[in-house]
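Please find below a short note on the structure, arranged as numbered points. It is intended to be read alongside the sequence and the model.

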Amino acid sequence: MFSRGEFAMRHTKSSFRFLMLVLIVALAAFPSASAGASHSWGTDHWARTRNPFTIKVIDSMTSSWDDNLDVAISDWNASSVMNVAEEAGDSSQTTRRRCRPVVGKVRSCNYTYGNNGWLGLAQIWANGNHITQGTAKMNDTYLAGSSYTETNRQHVICQEIGHDWGLDHQDESGADLNTCMDYDDALGNAHPNSHDYAQLQTIYAHLDSTTTIAGMPADFVDADVDAKESWGEKIKESADGKTALFVRDFGKGYKIFTFVFWAE
């Protein structure tokens with residue numbers, strides 16, 4: 001949404017306009033995107049030795065979200081560089097609330113996360129510029145309500161899972177670009193568009209020598225980053241006070257970045 005980090009979609013149908021972005025990174029840096037890239041997280045990507053590569057999304061969602069998850073997986077599986085496969089997972093209340101990541105996979109969860117101002121969150125753990133695990137959370141405190149349509153829900157889950165591939169937003173102005181990776185004020189785009197698939201081709205144009213990442217500290221891998229108190233030190237704030245960047249340092253180059261777009 002506005003740099004490398006964990007994305008949250010804004011709650012456009014109430015007074016909330018809260019965006020939270022967190023990227024969990026090692027050897028933190030902010031490299032520019034590769035040539036031709038226009039909406040990626042710098043150079044962050046899943047390490048793999050060939051294209052297309054297979055990435056699994058763990059289904060830790062209730063039955064009310066199963067159809068939405070199926071559509072999102074089918075949409076992203078249409079990319080020429082990745083095979084996205086669904087994996088059955090625990091959908092107990094405890095698992096959905098915590099939505100713990102699994103190394104080498106993405107976990108998708110829904111839960112009543114509270115009136116905190118966000119509809120969805122995507123978290124990415126990375127070692128250098130290699131993504132090692134990810135999560136996508138849908139907030140039923142809002143999305144289970146009657147004011148949100150199936151198209152709205154699909155827009156949210158499509159975007160949050162898309163962030164876990166290394167994609168940024170195509171646009172953040174509220175304009176409608178006919179993609180779930182925009183910030184269309186109506187949340188009316190249920191699917192990616194051709195530019196999203198082209199961006200994935202750019203991100204995954206090169207191959208890696210390995211598909212495994214090892215040796216990450218346990219407290220980094222399992223860090224709880226839900227509460228503001230766990231975000232660490234505020235290191236930057238915009239002139240209008242609407243955005244701020246926090247950093248939590250684990251030492252040896254392992255850091256968690258939290259980018260917040262506060263409620264108006």
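1. A disulfide is counted where two cysteine sulfur atoms lie within 2.5 Å of each other. The model is a predicted one, in which local features need pLDDT of at least 70 and side-chain atom pairs count only at pLDDT 80 or more, while totals for chains, interfaces and linings use all residues. Residues are numbered from 1 along each chain as its sequence is written, and side-chain values use heavy atoms, with hydrogens and water left out.

2. The chain as a whole has 6 helices and 11 strands; helices (H or I, at least four residues) and strands (E, at least two) are DSSP runs, numbered from the N terminus. Of its 264 residues, 53% are buried. Here buried means under 20% relative accessible area, exposed means over 50%, and partly exposed lies in between, with a 1.4 Å probe and protein chains only. Among contacts with a separation of 6 or more, 69% join residues 24 or more positions apart, a contact being heavy atoms within 4.5 Å.

3. How many disulfides does a search of the whole structure find? The search gives 2, and the bonded cysteines, counted along the chain, follow the pattern 1-2, 3-4.

4. The torsion about the S-S bond of C99 and C109 is about 90°, so the bond is right-handed. C99 sits in the loop between α2 (93-98) and β6 (106-111) and C109 in strand β6, so the pair ties together parts that are 10 residues apart in sequence. C99 counts as buried because its relative accessibility is 1%, and C109 is buried at 0%.

5. Which residues of helix α5 (residues 194-203) are buried? They are D196, Q199, L200 and I203. These residues cover an arc of only 100° around the axis, which puts them on the same side of α5; the arc is that of the directions from the helix axis to the C-beta atoms. The buried residues of α5 pack against β3 (45-46), α1 (66-77) and β5 (82-88). At the N-terminal end, N193 caps α5, with a side-chain oxygen 3.1 Å from the backbone nitrogen of H195.

6. A search of the whole structure finds 3 aromatic pairs. Rings of Phe, Tyr and Trp (its six-membered ring) pair if their centres lie within 6.5 Å; planes under 30 degrees apart count as stacked, over 60 as edge-to-face and the rest as tilted. One of the pairs is W76 with Y197, edge-to-face at 6.3 Å centre to centre and 70° between the planes. This pair links distant parts of the chain, with W76 in helix α1 and Y197 in helix α5, 121 residues apart. W76 is buried, with a relative accessible area of 0%, whereas Y197 is partly exposed because its relative accessibility is 22%.

Technical notes: Polar contact = N/O pair within 3.5 Å; in protein donor to acceptor, adjacent residues only side chain to side chain.
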